[in-house]
Amino acid sequence: MPGITNGALGVSVELPRPAPARGRLVDRPLLGADGQTREKRVLLAAPRGYCAGVDRAVIAVEKALDHFGSPVYVRKQIVHNVHVVSELEKRGAIFVDDVNEVPEGSHLVFSAHGVSPAVVAAAASRDLQAIDATCPLVTKVHREASRFAGQNKHILLIGHAGHEEVEGTMGHAPEQTTLVTSPEHADLVEVPDSVTAGEVGLVWISQTTLSVDETMETVRRLRERFPQLQDPPSDDICYATQNRQVAIKKVAKDAELVIVVGSANSSNSVRLVEVALEHGAKAAFRVDYASEIQQEWLDGVGSVGVTSGASVPEVLVDEVLADLADAGFGTVQVVKTAEEDLMFSLPKELRSDDRALGGRRSE
Ligand code: SF4
């Protein structure tokens with residue numbers, strides 16, 4: 001009977017069995033050049049899925065609903081995953097784009113991606129009871145931005161235009177921040193004359209969910225143009241983003257196909273597809289649900305890498321494994337590159353039971 005084994009760190013672990021197979025995909029024999037049947041297997045990346053910041057944010061909404069009753073309003077998607085948002089909506093959460101949509105005096109949760117001081121002020125002006133579920137690792141970047149601005153430095157923020165985290169971080173030093181969106185943009189971006197004249201320092205910071213390699217390339221190209229560019233004291237790309245990229249790099253070397261579970265607006269999920277393709281996967285696709293897996297993706301494939309973004313509950317990965325088992329990929333080898341045990345406490349507005357929270361680890 002096919003099972004799940006732990007490959008990379010040499011420790012065998014029993015994992016929950018995948019959900020029952022549903023028969024949508026077909027097990028077509030895979031023949032080698034010698035005409036013999038080849039084994040088909042899944043390489044399951046670890047770490048994957050929920051990070052500590054996402055777990056905290058989702059539980060914050062759940063506890064707010066428990067404490068205050070429905071509805072609880074949430075500014076933007078609490079985390080970038082359609083399944084998580086839909087499940088919370090069923091429980092009574094109402095997601096809004098703007099604080100002005102929230103009735104005065106209501107409870108409002110700020111998402112894990114963080115908000116600018118202007119949003120906090122707008123919520124206060126409507127007498128909203130704010131619950132701040134901003135990931136502490138995003139808050140750390142906010143504090144860096146405020147501190148650098150106070151030190152007479154101009155900030156080059158590496159990130160994606162329009163992403164909520166970027167909007168929130170820029171809002172902490174709007175006059176002193178310039179967005180750099182890619183390595184190519186680094187060759188073109190302009191800085192204020194005061195920087196060029198040496199009157200104002202120059203420092204870079206970044207969004208937490210970028211590709212590590214691409215960000216380093218952006219910094220390299222910025223420094224070619226601005227040798228005075230200072231580094232932040234520590235990484236802004238968070239542990240969860242980095243760990244999931246390291247794991248998928250190892251998987252991608254041996255995977256003919258990689259499936260990333262995650263939503264289209266999830267920056268770290270989209271990056272996992274890119275990283276897989278850059279590190280050996282012949283094909284890589286992102287899916288929200290197992291039902292999006294196409295039979296033709298699997299034809300002629302012997303090894304399928306599977307991972308998930310930091311906002312993806314494990315139940316969605318279990319469904320992918322169940323469908324892959326239907327297609328003959330019942331042997332699952334875990335490729336583990338790191339252990340994760342980071343825990344964040346609840347937002348202070350919900351700390352009545354002061355329970356420490358941690359990421360629901362994939363292993
Ligand atoms: Fe926090 Fe990183 Fe998770 Fe974003 S991906 S919520 S920054 S731990």
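User: Two strands count as paired when DSSP finds at least two bridges between them. In this predicted model, which residue of S4 is the bridge partner of Arg75?
Analyst: Start with the pairing. S3 and S4 (residues 93-96) run parallel and are joined by 4 bridges, which meets the cut-off of at least two. Within S4, the bridge partner of Arg75 is Val96.

User: Lys76 has a positive phi; is Lys76 buried or exposed?
Analyst: Most residues other than glycine have a negative phi. Lys76, in the loop between S3 and helix H2 (82-91), has phi near 65 degrees. Because 22 other C-beta atoms lie within 10 Å, Lys76 is buried.

User: Asp127 also has a positive phi. Is Asp127 buried or exposed?
Analyst: Phi of Asp127 is near 60 degrees. The residue sits in the loop between helix H3 (117-125) and strand S6 (129-132). Since Asp127 has 10 C-beta neighbours inside 10 Å, and 12 or fewer is the cut-off, Asp127 counts as exposed.

User: What is omega for the peptide bond that joins Ala46 and Pro47?
Analyst: Most peptide bonds are trans. The bond joining Ala46 and Pro47 is cis. Pro47 lies in the loop between strand S2 (41-46) and H1. Omega there is about 5 degrees.

User: Which element gives the most to the shell around the ligand?
Analyst: The ligand is surrounded by 15 residues, with Cys51, Gly53, Cys135, Thr208 and Cys238 the closest. Helix H1 (52-68), helix H4 (136-150) and helix H9 (239-252) each give two or more residues to this shell. The element that gives the most, with 3 residues, is H1.

User: How many residues of the shell around the ligand are charged?
Analyst: Take the shell by residue class. It holds 10 nonpolar and 5 polar residues. The number of charged residues is none: no charged.

User: How many residues does domain 2 give to the contact with domain 1?
Analyst: The domain assignment gives domain 1 (4-15 + 31-50 + 239-336), domain 2 (52-135) and domain 3 (137-225). Taken over C-alpha atoms, the centres of domain 1 and domain 2 are separated by 32 Å. Their contact takes 10 residues from domain 1, and from domain 2 it takes 8 residues.

User: How many charged residues are on the side of domain 1 that touches domain 2?
Analyst: Domain 1 gives 10 residues to the contact. On that side, 5 are nonpolar and 4 are polar. The charged count is 1.

Methods. Residues are numbered from 1 along each chain as its sequence is written. This is a predicted model: local features need pLDDT of at least 70, side-chain atom pairs count only at pLDDT 80 or more; totals for chains, interfaces and linings use all residues. A residue is near a molecule or strand if its C-beta atom, placed from the backbone, lies within 6 Å of it. Ala, Val, Leu, Ile, Met, Phe, Trp, Tyr, Cys and Pro count as nonpolar, Asp, Glu, Lys and Arg as charged, and the others, Gly among them, as polar. Domain bounds come from an automatic or database domain assignment. Two residues are in contact if their C-beta atoms, placed from the backbone, lie within 7 Å. A residue is buried if 20 or more other C-beta atoms lie within 10 Å of its own, exposed if 12 or fewer, and partly exposed in between; C-beta atoms are placed from the backbone.
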